[in-house]
Amino acid sequence: MKYVKLKTGQHYSSSFLETLLIKQSYKLIIKRIDGKNLSIIDVGCGSDIGIKLMEKNNRVIGLDIKPYFQGKRFECIIGNVHAIPLKDNTFDAVTSRSSVNYWNNKNKSISEIIRILKPGGKFFIISIKHYKRPMRYLLLLLNYIICTGKKEKIEETKYFLETALQKEEIKKLMSKFPNVKYRITNHLLIYFCIEGKKLF
Ligand SMILES: C[S@@+](CC[C@H](N)C(=O)[O-])C[C@H]1O[C@@H](n2cnc3c(N)ncnc32)[C@H](O)[C@@H]1O
């Protein structure tokens, strides 16, 4: 397998509160992965925040169409989740936080994630839940505070709220994969997590 050591990338800066939230999210994922010395790939990793946390006890790489670096440079494959340039049955776990909304072909993306997982491997896909109007405004306001009013972050949150997956869509999507056992769980109050296991 060929990995690319990331040498270039856009600098990514997240506010103190945003970094705290992202770290908390990845810490919860680590608990759910529950294991050591595992090979993990973080799809749509963005910066190194999640990778640095997960690699304490594991071997972790990222995959992103357009990665950023926050602190230290990290091991990342530049590629699209729609066609992951890696072999079948390679990873013990696949994580992905706040990226699924961008995947144009979710069916293909999830089948790619399942393909690169080893049998028995787990995946965790996290994103903001679907909310109706008044609650959306409240969340945007909360986001405004967390991201200290940065315009591009507000735009991104708006996009996430508008494109949030509903439970029924998730169920329909996941029903296409008979080799997966999954459940939809709550994650940090306002997020959902599709938590799945590749059976064979
Ligand atoms: C909002 S950022 C989330 C970054 C990080 N996971 C976090 O929670 O902070 C979404 C990331 O998904 C990446 N992304 C979007 N579409 C993608 C695709 N089709 N394949 C791989 N990565 C993708 C973007 O480049 C971006 O870095």
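**Exercise 1. Decide whether Glu152 is buried or exposed, and place Glu152 in the secondary structure.**

Step 1. Glu152 has 8 other C-beta atoms within 10 Å.
Step 2. The cut-offs are these: a residue is buried with 20 or more other C-beta atoms within 10 Å of its own, exposed with 12 or fewer, and partly exposed in between, the C-beta atoms being placed from the backbone. Glu152 is therefore exposed.
Step 3. Glu152 belongs to helix α5, residues 151-162. Helices here are DSSP runs of H or I with at least four residues, strands are runs of E with at least two, and both are numbered from the N terminus.
Step 4. From Glu152 to Gly121 the C-alpha distance is 35 Å, at a sequence separation of 31 residues.

The model is predicted: local features need pLDDT of at least 70, side-chain atom pairs count only at pLDDT 80 or more, and totals for chains, interfaces and linings use all residues. Residue numbers start from 1 along each chain as its sequence is written.

**Exercise 2. Find which residues of helix α3 are buried, and explain why they line one face of the helix.**

Step 1. Helix α3 covers residues 106-116, and its buried residues are Ser109, Ile110, Glu112, Ile113 and Ile116.
Step 2. Viewed along the axis of α3, these residues fall within an arc of 155°, so they line one face. The arc is taken over the directions from the helix axis to the C-beta atoms.
Step 3. That buried set packs against β2 (39-43), β6 (91-97), β7 (117-128) and α6 (167-174).

**Exercise 3. Describe how β6 is paired with β2 and with β7, and how far β6 is covered.**

Step 1. β2 and β6 run parallel and are joined by 3 bridges. Strands count as paired if DSSP finds at least two bridges between them.
Step 2. Ile40 stands opposite Ala93 of β6.
Step 3. β6 also pairs with β7, in the parallel sense, over 6 bridges. Arg97 has Ile126 in β7 as its bridge partner.
Step 4. Of the 7 residues of β6, 6 are buried, which leaves the strand mostly covered.

**Exercise 4. State how many residues the largest nonpolar core has and which have the most contacts inside it.**

Step 1. A nonpolar core is a set of buried Ala, Val, Leu, Ile, Met, Phe, Trp, Tyr and Cys residues joined through C-beta atoms within 7 Å.
Step 2. The largest such core has 37 residues, and Ile41, Leu63 and Val94 have the most contacts inside it.
Step 3. β7 gives the largest share of this core, 5 residues.
Step 4. Val94 touches Ile41, Val43, Ile113, Ile116, Leu117 and Phe123, with residues up to four places away in sequence not counted. Contact requires C-beta atoms, placed from the backbone, to lie within 7 Å.

**Exercise 5. Locate Asp34 and Leu188, and give their phi angles.**

Step 1. Most residues other than glycine have a negative phi.
Step 2. Asp34, not a glycine, has a positive phi of about 55°. Asp34 is in the loop between α1 (16-33) and β2 and is exposed, with 9 other C-beta atoms within 10 Å.
Step 3. Leu188 has a positive phi of about 45°. Leu188 is in the loop between β8 (180-187) and β9 (191-198), and is exposed with 12 other C-beta atoms within 10 Å.
Step 4. β8 and β9 form a hairpin with 3 residues between them; the two strands pair in the antiparallel sense over 8 bridges. Arg183 has Glu195 in β9 as its bridge partner.

**Exercise 6. Decide whether Cys193 is buried or exposed, and list its contacts.**

Step 1. Cys193 is in strand β9.
Step 2. Cys193 counts as buried because it has 23 C-beta neighbours inside 10 Å.
Step 3. Neighbours within four places in sequence aside, Cys193 is in contact with Phe124, Ile125, Ile126, Thr185 and His187.
Step 4. Ile29 is 164 residues from Cys193 in sequence, with 9.3 Å between the C-alpha atoms.

Definitions and conventions
Two residues are in contact if their C-beta atoms, placed from the backbone, lie within 7 Å.
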